[in-house]
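Hello,

Here is the structure you asked to look at. Please open it first, then read the notes below.

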Amino acid sequence: MLADVLGLLACPHCGLGLSLAGPSARCATGHTFDLARQGYLSLLAGDAGAGTGDTAAMVAARADFLGAGHYRPIGEAIAEALGGGVSGPVVDLGAGTGHYLAEVLEQSPAAVGLALDLSKFALRRAARAHPRAGAVVCDAWRGLPVREGVAAVLLNVFAPRNGPEMARILAPGGRLVVVTPESGHLGALVDELGLLRVDADKGRRVDEQLGAHFTQVGEIRRRFRLGLSRSEVATVVGMGPNAWHTDPAELACRIATLPEPYAVSAQVRVGVYRSTGPVRNGPG
């Protein structure tokens, strides 16, 4: 699985290619990176911290919620944006559990996938998400440990966006698919539970992050209704940024007062982009 995507990777220190050497990956200058027994490879540079990668509890909540099919319309919108199956490497930046990457690969028998995320807990699951996917720990805000121009498709679903690096690793003619929540996403829950609200200027900020490197060539908007049990409400809150910003006891009390099922609207935007030209530099 990792061997299938090793040719896409670059040493985060010097930018050279990597090869497998027993339970490790190594570049020609001797930088060595251990392969975790759970199947993922950490390519964090030595001075990189753990950051704010998702915790084990957040990852478990996301796996449960996505596995129950609540966000299936998002996967369907990604498939529509790509026009069905794709060929060539698919890189998912901020892949989490690899859920959406696996869906794309399932429709694309000629493709291999690379899941990039900061959370080792997420990548333990991403490494097993699909037989043709590999998983690598890295920091989206640094030089990505990926060779220039290798991604036929780049996915970015509810994840950080490093415009220059995304443009650097996308192949000429490749497509970037970005999924972001809209301002009304889960709005009823935001009001009831005092959750973080999606910035009304989020669309503009995404354009600013990507505009210098990409041209938008398509857009899909999805709004769909969810009927959630109280436990599913707790799960959707616990799988995202609100897990860092809510008091568990107070949240549990508020959720206990909600009717079942609780009706809430999900609203997302799926933007499709192509690169405006090559970007140099990269890891190292």
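**Strand S7 and its neighbours**

Strand S6 (residues 111–117) and S7 run parallel and are joined by 5 bridges. Please keep in mind that this is a predicted model. To get from S6 to S7, the chain passes through helix H5 (residues 120–126). This β-α-β crossover is right-handed.

S7 also pairs with strand S4 (residues 41–42). Here there are 2 bridges, and the strands again run parallel. Leucine 41 has valine 136 as its bridge partner in S7.

Is S7 itself covered or open? Strand S7 spans residues 133–137 and is mostly covered, with 5 of its 5 residues buried. The cover is on both faces. Ala133, Ala135 and Val137 sit on one side, Gly134 and Val136 on the other, and all are buried.

**Nonpolar cores**

A general point first: in soluble globular proteins, nonpolar side chains tend to be buried together.

In this model, the largest nonpolar core has 53 residues. Which of them touch the most other members? They are Tyr71 and Ile78. Strand S11 (residues 262–275) gives this core its largest share, 6 residues. There is also a second, separate core of 34 residues. Leu8, Leu116, Leu144 and Tyr273 are among its members.

Tyrosine 71 deserves a look of its own. Leaving out residues up to four places away in sequence, tyrosine 71 touches these residues:

- Phe65, Leu66, Tyr100 and Phe158
- His185, Leu186, Phe224 and Leu226
- Val236, Met239 and Ala266

Tyrosine 71 has a relative accessibility of 4%, so it counts as buried; the cut-off is under 20%.

**Aromatic pairs**

The whole structure holds 3 aromatic pairs. In one of them, the ring centres of phenylalanine 65 and tyrosine 71 are 5.2 Å apart. Their planes meet at 80°, so this pair is edge-to-face. Phenylalanine 65 is buried too, at 1% relative accessibility.

Tyrosine 71 also pairs with phenylalanine 224. Those ring centres are 6.2 Å apart and the planes are at 85°, so this pair is edge-to-face as well. Why does the pair tie together parts that are 153 residues apart in sequence? Because tyrosine 71 is in the loop between helix H2 (56–67) and helix H3 (72–82), while phenylalanine 224 is in strand S10 (residues 214–228). Phenylalanine 224 has a relative accessible area of 11%, which makes it buried.

Put together, the ring pairs link Phe65, Tyr71, Phe158 and Phe224 into a cluster.

**Salt bridges**

Again a general point: side chains of opposite charge can pair when their charged atoms come close.

How many salt bridges does a search of the whole structure find? It finds 8. Three of them are described here.

Arginine 221 and glutamate 182 form a salt bridge at 2.1 Å, N to O. Arginine 221 is in strand S10, and glutamate 182 is in the loop between strand S9 (170–181) and helix H7 (187–193). The pair therefore ties together parts that are 39 residues apart in sequence. Both residues count as partly exposed: arginine 221 at 46% relative accessibility, glutamate 182 at 21%. Both also belong to a network of salt bridges that links Glu182, Glu219, Arg221 and Arg269.

Glutamate 260 and arginine 230 form another salt bridge, with the closest N and O atoms 3.5 Å apart. This pair links distant parts of the chain, 30 residues apart. Glutamate 260 is in the loop between helix H11 (248–256) and S11, and arginine 230 is in helix H9 (residues 230–238). Glutamate 260 is partly exposed, with a relative accessible area of 45%. Arginine 230 is partly exposed at 32% relative accessibility.

Glutamate 250 and arginine 254 are both in helix H11, 4 residues apart, or about one turn of the helix. Their side chains meet in a salt bridge at 3.1 Å, N to O. Glutamate 250 is partly exposed at 43% relative accessibility, and arginine 254 is partly exposed with a relative accessible area of 32%.

Best regards

Conventions:
Residues are numbered from 1 along each chain as its sequence is written. This is a predicted model: local features need pLDDT of at least 70, side-chain atom pairs count only at pLDDT 80 or more; totals for chains, interfaces and linings use all residues. Side-chain values use heavy atoms; hydrogens and water are left out. A nonpolar core is a set of buried Ala, Val, Leu, Ile, Met, Phe, Trp, Tyr and Cys residues joined through side-chain atoms within 4.5 Å. Buried means under 20% relative accessible area, exposed over 50%, partly exposed in between (1.4 Å probe, protein chains only). Contact means heavy atoms within 4.5 Å. Rings of Phe, Tyr and Trp (its six-membered ring) pair if their centres lie within 6.5 Å; planes under 30 degrees apart count as stacked, over 60 as edge-to-face and the rest as tilted. A salt bridge is a side-chain nitrogen of Lys or Arg within 4 Å of a carboxyl oxygen of Asp or Glu. Two strands pair if DSSP finds at least two bridges between them. A crossover is right-handed if, with the strands pointing away from the viewer, the path from the first strand over the helix to the second runs clockwise.
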